[in-house]
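Hi there,

Here is the structure I promised to pass on. Have a look through it first, and then read on for what I found.

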Amino acid sequence: MEKSGWIPTMCYQCKAECAIIARVEDGVLKEIRGNPNSRGKACVKGMSGVSLQYSPDRLTYPMKRVGERGEGKFERISWDEAVDIITTKLKDLRDRGEAHKLTASFFPHSITDPKWRFLNAYGGFINTALPHCDSAKILAWIKTTGGVPNHHIPPAWFTVPEGGIMMLAGRHAFGGLEDASIPKDILEAKERGAKLVVVDPFFTAEAAKADQWIPIRPGGDTAFFVGMIQHIVANGMYDREFVANWIREGDFKKLQDYLADKTPERMSEICDVPAETIRQLAEECAMAPSVGVDSFKGVMLGNALDFSHAWCIFMAVTGNIDNPGGQPLPDLVPLSPVEPAPTPPSLHDLGWHRTGPDKDKFEKYSFIMEPTWYEAQAIRNGDLKVLMVAEANPALTEMGDYSWQKAVCEKDENGNYKLELLVSFEIMLSETSKHADLVLPDKSYFERWELLYMPWWYNFGHGVALRQPIVEAPGECRHANDVFIEMGKELSPEYFQFDDLVSYYDIELSGLGLSVKKLQEMGGHWSPGSIGFRKYETAGGFGTPSEKVHLYWEDLEEAPWSQAFPRVDLPLEYRAVLDDYPFVLVSYRTIFHSGSGQWTFNNPQLRDSISGFQENPLLMNPVAAKELDVSEGDTITAESPTGSVQIQVKLSERIRPDCVALGHGFGSTVGGVASACKGVSDNRLIPDAGATLDYQDLIGGEAHVSTRVRIVK
Amino acid sequence: MKQVSMMIDLNRCIGCRTCVVACRNHKEIIDHNKAMPDEIPYYLRVETREKGAFPNLSMDSWIVPCQHCREPKCETSCPEGAISKAPETGVVTIDPEKCTGCEAKSESIAVEKRKISPCKGNCPANINVQGYVNLAAQGKFQEALRLIKDENPFPAICGRVCHHPCESACIRDDVDEPVAINAIKRFISDLDLDPETRYVPEIKEKKDEKVAIIGAGPAGLTSAFYLAKEGYQVNVFDRLPVAGGMMAVGIPEYRLPNDILEAEINVIRDMGVEIKTGVTLGEEISLDSLKNNGFGAVFMATGLHFGGRLDVDGEDLPGVFSGLDLLKDIALGKKIEIGEKAIVIGGGNAAIDSALSAKRLGAKEVTLVCLEQRDEMPAWNKEITDALEEGIEIANGLGPLRFMEKDGRLSGIEFQLCTSVFNEKGEFDPQYDDCQLTAMETDSAIIAISLLGERNFAENSGIAITSEGGLWADPLTLQTRIEWLFAGGDSVSGPKTVVEAIASGKEAAISIDRYIRGFDLREDRVKEIDMASDVYKAEYDPAKRAQIPRLKPGERAGNFNEIEKGLTEEMVIQEAKRCLNCGCSCIQSCPYSVIQFDGEAGKSHKCDLCQDRIYAGELPVCAEVCMTDAITFGEYDLVKQWAVCDGRTIVTDLSKGSMLYIK
Ligand SMILES: Cc1cc2nc3c(=O)[nH]c(=O)nc-3n(C[C@H](O)[C@H](O)[C@H](O)COP(=O)(O)OP(=O)(O)OC[C@H]3O[C@@H](n4cnc5c(N)ncnc54)[C@H](O)[C@@H]3O)c2cc1C
Ligand code: SF4
Ligand code: SF4
Ligand code: SF4
């Protein structure tokens with residue numbers, strides 16, 4: 001296969017998976033562009049895919065650990081031996097009645113990803129590549145509207161009308177993490193006369209382009225939104241028609257009672273946004289033809305569920321659900337099922353890997369795919385025995401001061417590892433694979449077939465998109481999907497009766513009158529081309545039990561705290577240790593890196609000072625630094641209640657004086673490029689589940705991005 | 001004019017660098033298998049400017065590709081003529097066939113070749129030394145002159161009097177002796193004396209704003225040169241009857257002939273600068289009067305024009321001169337009676353100039369007496385050698401105690417022994433032994449110990465003075481505490497050199513231009529200079545350093561004829577070939593630092609605006625891939641028209657080449 005020319009495929013430098021075209025010359029990948037037949041843009045990570053493809057660190061044959069876990073010593077083995085080790089262990093686990101103690105950590109490229117099918121058939125669970133960062137957003141929208149907008153489903157910025165308001169509350173929209181066309185769409189909407197408002201303690205690239213920047217106190221978002229809702233409702237500026245027709249009987253009255261004392265003045269004290277600003281923005285939002293809100297950091301705090309709830313209420317009372325410029329409620333065209341379909345293991349009975357003081361209470365926060373939240377925790381509890389990781393790097397992504405790395409090395413009283421088998425599918429050695437028992441060379445996204453079928457329509461609509469091999473994989477690389485199918489054929493043959501990955505996709509596509517080949521000939525994606533607005537009107541209502549929007553969540557009336565309506569206070573983790581740890585750590589993202597994956601952190605172009613983001617000094621406001629007698633370039637120690645790091649200070653006006661900012665995802669020490677560059681992992685400062693479980697468990701949110709720190713010279 | 005351009009919209013650019021990577025991939029200037037961060041070439045980069053303080057901030061980003069300048073400095077600087085501007089597109093390209101990478105010899109020097117050569121890095125005026133040396137090696141003197149005059153309006157003067165830190169840093173010294181850079185410069189610059197070959201820079205659009213400069217020394221005149229070039233109306237005022245400052249009345253003719261000085265100052269006059277001599281600030285004019293007469297900014301470059309006093313008995317006797325006054329009087333043609341015997345007091349360059357001048361005035365015996373021992377003397381070694389050559393006696397370690405009188409005039413000087421000049425901290429703190437006295441007879445004494453500035457006008461106009469007695473100005477911007485008043489040269493720094501005064505005048509011009517246009521004075525002022533040090537020295541022209549012809553000591557007595565002569569053309573070419581080509585000429589000449597060096601090919605390379613794509617009707621790659629469609633490609637005049645019609649602001653401080661930046 002020596003291809004030449006521009007070939008359409010799908011990027012996978014981050015989870016947006018933008019449609020791209022790639023130029024291949026005699027079988028060598030040369031260049032990348034956004035696919036002009038799709039949304040047309042690719043970002044700097046996407047462009048740097050060429051460097052990823054030809055990295056000298058690519059793994060080319062399977063390896064088995066020699067020595068202790070974490071030492072990073074391996075020997076070459078055959079694929080047969082590797083697969084045999086895994087299937088033998090999995091048979092044993094299943095025979096012990098502990099199949100549910102298998103977790104595979106990966107990013108599902110479709111809701112019918114064959115790896116997921118394998119888990120369902122075998123009886124294990126999925127952990128979606130990282131502790132689920134947007135769970136609170138998903139949960140809130142399900143409770144309120146029955147729909148599932150996750151963090152890949154922002155407002156359709158290209159539909160924002162003149163006068164519409166675009167609000168980014170802790171969302172790095174220019175990072176291209178939803179689609180690379182979003183920066184352009186936002187800036188074009190601005191040129192059309194829409195207003196961009198950025199709510200963030202950090203002056204981001206988006207804030208630089210915003211009409212209004214609101215440097216809010218971290219965690220104050222709930223209070224800020226509730227203050228706006230109060231002003232809108234109390235002054236009768238809400239969308240009367242939507243409230244009358246689409247909000248569940250009685251909920252609005254309850255809301256009015258709840259709001260009675262939530263005046264902008266009171267909320268202002270919590271969120272540090274002037275009451276005048278809260279009122280001004282509330283009025284503008286009430287008058288605007290549309291308001292679209294996107295948030296990410298806001299849904300990763302301890303009170304994320306409260307904030308997500310406030311966000312839903314705000315969108316409902318301003319009539320901005322599923323309208324142009326507002327919050328879309330996505331749907332999917334159905335694919336054909338591959339029969340027989342396996343029944344997944346019961347989450348309720350077996351899926352409680354995440355432990356806490358009161359499992360039953362936590363149940364209220366459950367949603368479709370209960371993951372193994374914290375692997376470190378589950379290993380220590382004995383709930384996780386086999387872990388297979390593909391395209392994920394939990395060794396760095398899990399919170400806690402190297403908690404995951406410590407947990408996978410822990411042994412029981414007999415001297416056996418608590419985690420019995422750790423398998424890493426990777427294209428290049430990562431911090432995670434360094435700890436693995438088996439390291440299996442995966443195919444890059446330029447070397448494999450993959451059907452993308454997810455409701456993130458920003459890039460491929462309510463449809464499907466095809467990733468196709470455009471260059472040969474080096475050495476003995478195999479796509480993890482193919483390996484899982486092979487294992488499925490051995491362990492659960494009744495569910496793996498199809499030939500291979502492509503024939504599996506062919507069956508799925510047949511319902512649309514498509515096949516992989518046809519889709520390939522069509523240019524790689526199929527979509528009805530519409531988003532559809534106010535679909536609830538034609539559907540006769542929302543997906544909630546009452547078919548109306550639920551502002552009030554009665555099932556949460558008597559959690560340890562009532563969360564039937566949002567609690568407006570700052571998250572507990574920001575209040576508990578306030579005196580000892582005066583700063584809030586803001587972990588920010590840039591367009592150059594995605595998560596903490598080696599794909600971007602071990603990529604020379606993305607760590608180059610000219611074209612990327614090399615290291616992450618701690619950003620401090622000069623006013624705060626002066627008080628502590630800290631100067632530019634000083635090396636200080638940043639301490640949180642659970643961890644500490646040594647780091648250089650860079651002074652910046654861009655951060656609130658009561659915060660310090662740290663670029664997210666750094667810390668990799670594996671690989672030629674990553675090990676040559678500096679960088680500190682923010683997750684070393686952020687507590688792991690074990691440290692904050694007692695309250696996090698019960699409020700349905702995790703402090704993914706939040707902790708308090710102090711600076712020691 | 002035919003000129004394709006890219007218009008970069010700062011309202012759109014988000015600084016994502018997608019274009020940077022796409023460009024690299026397209027141009028294949030990266031080896032993906034080997035690339036390491038910070039070692040990968042790039043044809044464009046992103047710059048970001050943050051302004052304000054929390055929470056009132058703004059931040060802009062934009063790309064910097066090759067600007068495809070109207071008058072590309074890279075083109076002028078290339079000794080091989082490899083760089084050209086295409087007449088049909090205005091695109092500036094480097095022809096890889098012709099480019100030799102400035103004689104790049106080996107792969108091992110690739111990193112070094114990207115750096116600034118030490119000669120340029122050490123030149124206070126930042127002249128592209130390697131560039132003009134290399135051009136001279138090819139006999140391209142006119143081009144070399146242009147390159148020099150981009151950075152220095154007084155090359156013929158510097159070619160004679162500069163203390164040439166470039167030569168002190170020259171790496172060729174590791175092999176045998178430094179390249180005779182200054183002599184090469186002198187030869188090139190003498191072209192400027194001939195009105196036929198003189199280089200008068202083009203004046204940009206005339207501006208209405210007026211700038212006043214006090215002091216027609218090198219600092220003042222340099223800022224006049226650059227401000228006039230920018231189009232400002234410049235008036236220079238000086239209290240002396242002649243222009244040139246110390247170049248006219250300090251440095252003696254035998255080192256700097258008057259006609260040279262005249263010729264270089266005339267270029268500045270030709271550029272429209274009015275130099276008004278015999279006008280003193282504090283007398284005929286004042287800061288207020290300047291302001292009232294519509295001057296938007298003033299640059300004070302008043303130098304140091306008072307000689308320090310010894311404060312010993314008899315200092316005011318007839319026969320005791322101030323060295324400074326003596327040199328000034330000679331320069332202004334006054335008649336001076338110096339007698340047979342003269343003693344000069346002082347150990348610096350000015351003392352030596354006084355001694356040599358005394359000799360030329362007819363003194364038979366000239367003795368230079370100073371506190372310092374020979375190796376402690378502040379005068380440059382070369383000057384000391386010159387003095388000894390001409391038979392000047394040097395008496396070290398003596399401090400004057402009193403001037404002796406006979407018949408109402410000076411008859412001799414009594415000295416005491418100076419036991420040490422500097423204390424442990426290295427500060428000037430002379431210690432004497434007053435038991436050891438020496439007396440010397442003399443007809444005249446010349447005091448040349450220190451230079452002082454005038455403070456009256458400063459104190460009267462509220463200009464801050466430093467503890468050392470200089471004018472106070474911000475070291476980076478040269479702005480004084482009076483917003484519209486700038487100060488530089490010796491009056492701020494204390495006694496320095498001509499080239500340092502030139503450097504100061506250049507900085508002042510930048511500040512004043514920014515001040516008048518309302519731009520930030522401080523932004524991007526500090527430039528890190530990364531100098532080549534590990535230079536390839538295996539293959540070089542083995543010739544010895546050229547000997548500079550000089551008048552024999554015997555030929556010098558009784559006249560002020562120039563001592564040093566120039567090199568011949570052949571000597572200059574041969575000498576220039578001794579250069580080791582530490583860096584690349586074009587890389588050092590580009591004001592935007594966009595040129596890259598390819599170690600493997602041993603050539604420079606850069607953005608060509610994707611010329612092949614333009615011909616095929618496609619966009620340059622950066623414009624095609626830009627995430628936010630921030631880049632509009634088109635004919636310069638058309639995109640500019642588009643910007644104007646759309647009511648957009650042109651960011652003039654960025655739009656200096658052929659790229660247009662708008663907001
Ligand atoms: C004897 C001697 C020899 C030197 N030799 C060398 C050498 O070989 N090489 C070298 O590089 N450097 C040499 N220097 C140093 C060099 O000349 C000075 O560093 C340089 O000229 C300083 O430039 P400037 O523009 O700051 O001041 P100046 O050259 O001193 O010019 C200042 C001008 O301001 C005028 N002025 C002052 N006050 C007023 C007022 N109130 N109103 C109007 N006008 C006013 C003065 O008349 C003068 O013309 C020498 C200096 C001396 C004294
Ligand atoms: S920007 Fe530099 S390389 Fe480009 S034309 Fe101008 S001087 Fe030459
Ligand atoms: S050898 Fe040439 S380039 Fe190097 S310092 Fe000397 S003159 Fe400059
Ligand atoms: S791709 Fe566009 S937005 Fe990004 S840095 Fe380049 S010019 Fe700016």
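A residue counts as buried when its relative accessible area is under 20%, and as exposed when that value is over 50%. Keep in mind that this is a predicted model.

With that cut-off, A:Thr600 is buried, because its relative accessible area is 1%. A:Thr600 sits in helix H26 (residues 598–601) of chain A. Leaving aside residues up to four places away in sequence, A:Thr600 touches A:Gln13, A:Lys45, A:Phe592, A:His593, A:Ser594, A:Leu606 and A:Arg607.

Also in chain A, helix H22 (residues 501–510) has A:Leu501, A:Ser503, A:Tyr504, A:Tyr505, A:Glu508 and A:Leu509 buried. What do the buried residues of H22(A) pack against? Their partners in chain A are helices H4 (114–122), H21 (480–491) and H23 (516–521), together with strands S15 (450–452) and S16 (464–467).

Next, the backbone. Two cis peptide bonds may interest you:

- A:Glu339 and A:Pro340 are joined by one, with omega about -10°; A:Pro340 is in the loop between helix H13 (304–317) and helix H14 (347–350) of chain A.
- B:Phe54 and B:Pro55 are joined by another, with omega about -5°; B:Pro55 is in the loop between strand S2 (45–53) and strand S3 (56–64) of chain B.

Positive phi values turn up in non-glycine residues too. A:Glu17 has phi of about 50° and belongs to the loop between strands S1 (5–10) and S2 (19–25) of chain A. B:Asp407 has phi near 55° and belongs to the loop between strands S15 (398–406) and S16 (409–422) of chain B. Which of these is buried and which exposed? A:Glu17 is buried, at 1% relative accessibility, whereas B:Asp407 is exposed, at 72%.

In chain B, helices H15 (residues 349–360) and H16 (residues 381–389) pack at an angle of about 20°, with axes 10 Å apart, so H15(B) and H16(B) are roughly parallel to each other. Their crossing is left-handed. H15(B) contributes B:Asn349, B:Ile352, B:Asp353 and B:Leu356 to the contact, and H16(B) contributes B:Glu383, B:Ile384, B:Asp386 and B:Ala387. By class, that contact has 4 nonpolar, 1 polar and 3 charged residues.

Finally, the ligands. Ligand 2 is surrounded by 14 residues, the closest being B:Cys66, B:Gln67, B:Cys69, B:Cys74 and B:Cys590; the shell has 10 nonpolar, 2 polar and 2 charged residues. Around ligand 3 are B:Ser117, B:Cys119, B:Gln130, B:Cys170, B:Ile171, B:Ile181, B:Cys579, B:Leu580 and B:Cys582, a shell of 7 nonpolar, 2 polar and no charged residues.

Best wishes

Key. Residues are numbered from 1 along each chain as its sequence is written. Chains are lettered from A and ligands numbered from 1 in the order in which they are written. This is a predicted model: local features need pLDDT of at least 70, side-chain atom pairs count only at pLDDT 80 or more; totals for chains, interfaces and linings use all residues. Side-chain values use heavy atoms; hydrogens and water are left out. A residue is near a molecule or strand if one of its heavy atoms lies within 4 Å of it. Ala, Val, Leu, Ile, Met, Phe, Trp, Tyr, Cys and Pro count as nonpolar, Asp, Glu, Lys and Arg as charged, and the others, Gly among them, as polar. Axes are lines fitted to C-alpha atoms, for helices over the stretch in contact, and angles run from 0 to 180 degrees between N-to-C directions. Helices (H or I, at least four residues) and strands (E, at least two) are DSSP runs, numbered from the N terminus. Angles under 35 degrees count as roughly parallel, over 145 as roughly antiparallel, 65 to 115 as roughly perpendicular and the rest as oblique. A crossing is left-handed if the near helix is turned anticlockwise from the far one by less than a right angle, and right-handed if clockwise. Contact means heavy atoms within 4.5 Å. Buried means under 20% relative accessible area, exposed over 50%, partly exposed in between (1.4 Å probe, protein chains only).
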